[in-house]
Amino acid sequence: YNTVCRSIAARFKEAVRMASSCDSLLIVGDDNTETREMKYLCLRSGETDVRLVTDAGDLSMISKNRHKTLGIVSSTSTPDWVLVKVVEELRRDGEAQVEESF
């Protein structure tokens, strides 16, 4: 039986699509079943480097300048302000041009 709700299924589908078009993908959210499954599906989709970060503080462990494109997705329970902080940190770093698409 498929017990995944439609919004999470749509998020998974979008994350896999983004993973196939980026060099690296950040999944922003707590380490829970949803984010682990999203990471698993994205890793299966290709050669993309997929990382799970809980907030902007985790960005220090990621080498941002080795990737041409860095996609960012989140779990459905990740607050918007956490995503804003991640994007602000990437912009502040100055090495990355941040382009938003919905």
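**Close-up 1. The side chains of strand β1 in the predicted model.** Ser-24, Leu-26 and Val-28 point one way from β1. Leu-25 and Ile-27 point the other way. Both sets are buried. The strand spans residues 24-28 and is mostly covered, with five of its five residues buried.

**Close-up 2. Strand β1 beside strand β2.** β2 covers residues 49-53. The two strands pair in the parallel sense. Five bridges link β1 and β2. At one of these positions, Leu-26 has Arg-51 in β2 as its bridge partner.

**Close-up 3. Helix α1 packed with helix α2.** Two packed helices are described by the angle between their axes and the distance between the axes. Here α1 (residues 6-21) and α2 (residues 33-44) pack at an angle of about 35 degrees. Their axes are 9 Å apart. The crossing is right-handed. From α1 come Ile-8, Arg-11, Phe-12, Ala-15, Val-16 and Ala-19. They meet Glu-34, Glu-37, Met-38, Leu-41 and Cys-42 in α2. Eight residues of this contact are nonpolar, three are charged and none is polar.

**Close-up 4. Ser-75 in the loop between β3 and α3.** Is Ser-75 buried or exposed? Ser-75 counts as buried because its relative accessibility is 1%, and buried means under 20%. Its side chain makes a polar contact with the side chain of Thr-78, at 2.7 Å.

**Close-up 5. The contacts of Ser-75 beyond its sequence neighbours.** Neighbours within four places in sequence are left aside here. Ser-75 is then in contact with Arg-11, Val-28, Gly-29, Glu-34, Thr-35 and Met-38. Among them, Val-28 belongs to β1. Arg-11 in α1 and Glu-34 and Met-38 in α2 also take part in the helix contact.

Terms used:
Residues numbered from 1 in each chain as written. Predicted model: local features only at pLDDT ≥ 70, side-chain atom pairs only at ≥ 80, totals over all residues. Heavy atoms only, no water. Axes fitted to C-alpha atoms, helices over the stretch in contact; angles between N-to-C directions. Helix = DSSP H or I, 4+ residues; strand = E, 2+ residues; numbered from the N terminus. Left-handed = near helix turned anticlockwise from the far one by under 90°. Contact = heavy atoms within 4.5 Å. Nonpolar A, V, L, I, M, F, W, Y, C, P; charged D, E, K, R; others polar. Buried < 20%, exposed > 50% of the residue type's maximum accessible area, 1.4 Å probe, protein only. Polar contact = N/O pair within 3.5 Å; in protein donor to acceptor, adjacent residues only side chain to side chain. Pairing = 2+ DSSP bridges.
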